[in-house]
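Here are a few friendly exercises on salt bridges and helices. Work through each task with the structure open, then compare your steps with the solution.

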Amino acid sequence: MLAHQAPPNDLTFPSIIKKAATCSPSIAFMIGTPLHTHVIKLGLLRDLFTQTSLVVLYARLGNLSDACRVFEEIAQPCVVSSNAMLDALGKNGDMESALLLFDSMAEREVVSWTSIINGFGRNRRFGEAIQFFVKMMGHEDVRRCLVKPNEATFVSVLFSCSNLDGVGALHHGKHIHGYIIRNEVELTVFMGTALIALYGKMGCLENAMKTFDGMVIKGVCTWNAMISSLACNGREKQALDLFEKMKMQGLRPDEVTFIAVITACVRSKSVELGLGFFQSMRCDFRVVPRMEHYRCVVDLLGRAGLLEEAAEFIKRMPFDPNATVLGPLLGACKVHGAIELGNEVGRRLLELQPHHCGGYVTLSNIYAGGEVWSHAADWRKAMIEAGISKIPAYSMIDAM
């Protein structure tokens with residue numbers, strides 16, 4: 001367009017900038033900055049649609065300062081530009097500013113409410129996300145049906161329910177499910193998957209399976225959630241059977257699927273089957289194993305007492321193991337009394353997590369289990385001298 005000397009106008013840039021925002025961060029930055037420069041040079045920065053597109057772009061790039069600068073230059077922000085700024089603030093962890101902006105908005109739509117709920121969830125403030133959803137449902141705009149929660153709203157709040165470590169998560173989740181049923185809201189793939197994940201985490205397998213069976217359309221993510229729910233609640237055979245059924249349906253398992261099925265093998269101590277799934281990932285489905293898959297295999301071998309095999313498996317990894325991989329092996333060393341290997345693995349773990357109590361406590365327990373009391377005391381002393389306290393354990397009972 002520029003080569004043909006056709007000057008772009010205010011209709012040109014919004015769509016191009018929005019397209020740039022969907023690219024990878026490196027490409028978006030490489031394209032977005034020159035576009036912003038062109039907008040300034042052509043005197044189009046006062047166009048509301050262009051300004052809103054730039055806010056979205058900088059939000060996706062995680063560049064909060066530029067997003068704020070562009071937003072502040074908007075004379076009269078509309079609800080769309082305000083929503084874009086809410087999203088930018090939430091993605092960058094500034095929920096206090098997001099709330100101030102939300103409260104100042106003359107007009108709010110479902111995207112406005114959802115942006116706050118999603119922002120709280122993204123920043124692991126799950127309780128506040130749920131409370132904000134409750135506030136939304138009690139607002140006069142919702143009561144008068146001027147605003148209705150949509151798919152994104154339900155998925156966001158159910159995500160927070162699934163991740164809330166506290167009493168009430170299941171209670172809120174069931175209320176949300178009840179609202180969906182009473183108001184005949186279509187249970188989409190992502191909403192159903194979020195419900196299954198919630199029920200699975202809370203151990204409500206009957207509810208999870210009922211939701212799964214009632215879904216007309218299921219995505220790979222839906223099958224993954226159900227397989228994982230079964231695998232983590234003592235139904236390993238059902239999880240593996242469901243995996244086979246998934247393949248028979250013509251669906252292609254992804255990296256999350258294999259985490260779930262190998263986890264089922266870990267819990268059922270099906271070593272050969274689990275190793276077979278790990279090999280099948282790359283060979284049959286061209287899924288490249290990630291750190292989490294290696295962690296699962298190390299856990300699989302460690303629980304079976306195959307500690308040397310687990311250590312060799314770690315040595316053959318294409319990248320350095322992190323704490324999530326070394327932790328299960330250290331735990332297995334404690335269970336099976338492998339003092340020498342445990343000492344080696346524990347020291348590597350402490351290099352990665354020098355301020356976490358787990359490595360110190362497990363090493364001390366390994367030596368105590370072998371009745372090497374002096375070494376056990378040394379590790380407890382080292383933990384105290386490092387100013388590290390043992391995290392107290394707790395139990396939680398949620399209302400069904």
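**Exercise 1.** Find how Asp299 and Arg303 are placed in helix 18.

*Solution.* Start with the positions: the two residues are four apart in helix 18, so about one helical turn separates Asp299 from Arg303. (Helices, H or I with at least four residues, and strands, E with at least two, are DSSP runs numbered from the N terminus.) Next, look at the contact: their side chains meet in a salt bridge, 3.1 Å from N to O. A salt bridge is a side-chain nitrogen of Lys or Arg within 4 Å of a carboxyl oxygen of Asp or Glu. Then check accessibility: Asp299 is buried at 12%, while Arg303 is partly exposed at 41%. (Buried is under 20% relative accessible area, exposed over 50%, partly exposed in between, with a 1.4 Å probe and protein chains only.) Finally, shared partners join Glu292, Arg295, Asp299 and Arg303 into one salt-bridge network.

Before going on, note that this is a predicted model: local features need pLDDT of at least 70, side-chain atom pairs count only at pLDDT 80 or more, and totals for chains, interfaces and linings use all residues. Residues are numbered from 1 along each chain as its sequence is written, and side-chain values use heavy atoms, leaving out hydrogens and water.

**Exercise 2.** Work out which parts the salt bridge between Arg290 and Glu255 ties together.

*Solution.* First, the closest N and O atoms of Arg290 and Glu255 are 3.1 Å apart. Now place them: Arg290 lies in the loop between helix 17 and helix 18, and Glu255 in helix 16, so the pair ties together parts 35 residues apart in sequence. Last, Arg290 is partly exposed at 36%, and Glu255 is partly exposed at 31%.
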